[in-house]
Amino acid sequence: MEKEIIVITGGPGTGKTTIIEGLIEKGFTCYPEISREVTLEAQRQGIDQLFLTEPLLFSQMLLEGRIKQYQSAIKEESTQVFIDRGVPDVLAYMHFIGDTYPQHFDESCHDSKYSKVFVLPPWEDIYVSDQARYENFEQAKIIYDHLKETYAKYGYKLIEVPIGTVNERIDFIFTHLK
């Protein structure tokens with residue numbers, strides 16, 4: 001069986017991490033979102049929002065981390081690996097803030113190819129801001145649009161996961177993986 005590297009993406013506060021945690025509980029191989037740890041580490045060093053103060057540095061750190069996740073996923077024994085956000089997410093966020101990035105960001109999107117991409121729509125009822133999530137709900141909706149545009153640019157046909165319980169969302173994902 002061919003390896004599937006599956007991305008779960010969406011704007012902030014859409015339930016990605018909860019789905020990944022649900023998949024882990026069911027025994028699947030999953031890689032977590034890394035932007036939160038980059039943000040929290042910068043805050044420990046006195047930088048409140050690294051993405052806002054040094055977006056290119058922050059994005060380069062994310063890009064490197066997501067490339068490492070992709071390369072690790074390829075080597076996994078498991079035939080299915082789920083990743084909380086993919087390489088194109090980095091570019092989508094750069095588009096969101098209107099910033100430019102080096103050519104190697106684009107090349108990385110071509111080099112890291114995912115089997116399927118599931119996108120979670122904005123969901124105001126579960127949206128929560130915290131110390132690592134600076135965006136408000138209106139911004140989350142705009143980011144969602146940038147994610148869809150960016151993934152489409154790289155040839156992905158996104159599968160939108162409907163709002164529902166964690167198990168309903170996971171069931172939806174597996175229905176579309178069969």
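Glutamate 4 stands opposite glutamine 80 in strand β3, where strands are DSSP runs of E with at least two residues, helices are runs of H or I with at least four residues, and both are numbered from the N terminus. The model described here is predicted, so local features need pLDDT of at least 70 and side-chain atom pairs count only at pLDDT 80 or more, while totals for chains, interfaces and linings use all residues. Residues are numbered from 1 along each chain as its sequence is written, and side-chain values use heavy atoms, with hydrogens and water left out.

In the whole sheet, which is open and parallel, five strands follow the order β2-β3-β1-β4-β5. At its edges are β2 (29-31) and β5 (159-160), each of which pairs on one side only.

On the other flank, β1 and β4 also pair in the parallel sense, over five bridges. Here isoleucine 8 stands opposite phenylalanine 118 in β4. Phenylalanine 118 in turn has isoleucine 159 of β5 as a bridge partner, and the pairing of β4 with β5 is parallel over two bridges. Four of the five residues of β4 are buried, so this strand is largely enclosed by the rest of the structure; buried means under 20% relative accessible area, exposed over 50%, and partly exposed in between, with a 1.4 Å probe and protein chains only.

Glycine 10 belongs to strand β1, which covers residues 4-10. Glycine 10 counts as buried because its relative accessibility is 0%. Leaving aside residues up to four places away in sequence, glycine 10 touches Lys16, Arg85, Val119, Leu120 and Leu147, a contact being heavy atoms within 4.5 Å. Between glycine 10 and leucine 120 the C-alpha to C-alpha separation is 4.6 Å, although they are 110 residues apart in sequence.

Helix α1 (residues 16-25) lies across β1, β2, β3 and β4 (116-120) and runs at about 155 degrees to β3. Helix α4 (residues 55-75) lies across β1, β2 and β3, at about 165 degrees to β3. For these angles, axes are lines fitted to C-alpha atoms, for helices over the stretch in contact, and the angles run from 0 to 180 degrees between N-to-C directions.

Aromatic rings come next. A search of the whole structure finds seven aromatic pairs; rings of Phe, Tyr and Trp (its six-membered ring) pair if their centres lie within 6.5 Å, and planes under 30 degrees apart count as stacked, over 60 as edge-to-face and the rest as tilted. The rings of phenylalanine 28 and phenylalanine 82 form an edge-to-face pair because their centres are 5.9 Å apart and their planes lie at 85 degrees. This pair links distant parts of the chain, 54 residues apart: phenylalanine 28 is in the loop between α1 and β2, and phenylalanine 82 is in strand β3. Phenylalanine 28 is partly exposed at 28% relative accessibility, whereas phenylalanine 82 is buried at 0%.

Tyrosine 114 and tyrosine 156 form a tilted aromatic pair, 6.3 Å centre to centre with 40 degrees between the planes. Tyrosine 114 is buried, with a relative accessible area of 7%, and tyrosine 156 is buried at 10%. Together, Tyr70, Tyr114, Tyr151 and Tyr156 form one aromatic cluster.

How values were computed. Two strands pair if DSSP finds at least two bridges between them.
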